[in-house]
Amino acid sequence: MTNASEGRLVWNHSTHLPGLIPILEKLSEYPGIRTVTPGVLANVRAHSPHMRIKVSVPTRGGYKLIARKGKTVQEVFVLTELDQARLEGAIAQAMQT
C-alpha cells in the first residue's frame, strides 16, 4: 500500500554515480521528502574514496546536494519540507543501511 506522502525518485539521466541510486531511493522514502532528482555529473581533481553526500545550497522548495565518489561528483536536487539539519540526518540514515 503506497502512502500519498511518499517521495519519488526522478530518472532523468542515463548515468549516475555508482551506488548512488539505492541511497536516493531510501532517501525518497523518508517522510517530508517529495522529489529527489539526480543532476549533472562532472569530473574533479580531488579523489574521494567513499561515497559522500552533503547539502550544498538551499533552492526554491528544497536543497541541492553534492554526491562525490572517486573523481566524480553529481548534483542531486531534493524538494522537501525538512530543514537542513533534518535533511542531513535523513541522508546519514539512508547511507547507513
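1. In this predicted model, Glu81 counts as exposed because its relative accessibility is 62%, above the 50% cut-off. Its side chain meets that of Arg34 in a salt bridge, with an N to O distance of 3.9 Å. Arg34 counts as partly exposed, at 42% relative accessibility.

2. The pair of Glu81 and Arg34 links distant parts of the chain, the two residues being 47 residues apart. Glu81 lies in the loop between strand S3 (62-80) and helix H2 (84-96), whereas Arg34 belongs to strand S2 (residues 33-59).

3. A search of the whole structure gives 2 salt bridges. Besides the pair already described, the side chains of Glu75 and Lys64 meet in a salt bridge, at 3.3 Å from N to O.

4. How accessible is Lys64, buried or exposed? Lys64 has a relative accessible area of 19% and is therefore buried, since the limit for that class is under 20%.

5. Helix H1 (residues 20-28) deserves a separate remark. Its buried residues are Leu20, Ile21, Ile23, Leu24, Leu27 and Ser28. Viewed down the axis of H1, these buried residues fall within an arc of 160 degrees, and so they line one face of the helix.

6. Which elements are included in what covers the buried residues of H1? The cover includes strand S1 (8-9), together with S2, S3 and H2.

How values were computed: Residues are numbered from 1 along each chain as its sequence is written. This is a predicted model: local features need pLDDT of at least 70, side-chain atom pairs count only at pLDDT 80 or more; totals for chains, interfaces and linings use all residues. Side-chain values use heavy atoms; hydrogens and water are left out. A salt bridge is a side-chain nitrogen of Lys or Arg within 4 Å of a carboxyl oxygen of Asp or Glu. Helices (H or I, at least four residues) and strands (E, at least two) are DSSP runs, numbered from the N terminus. Buried means under 20% relative accessible area, exposed over 50%, partly exposed in between (1.4 Å probe, protein chains only). The arc is that of the directions from the helix axis to the C-beta atoms. Contact means heavy atoms within 4.5 Å.
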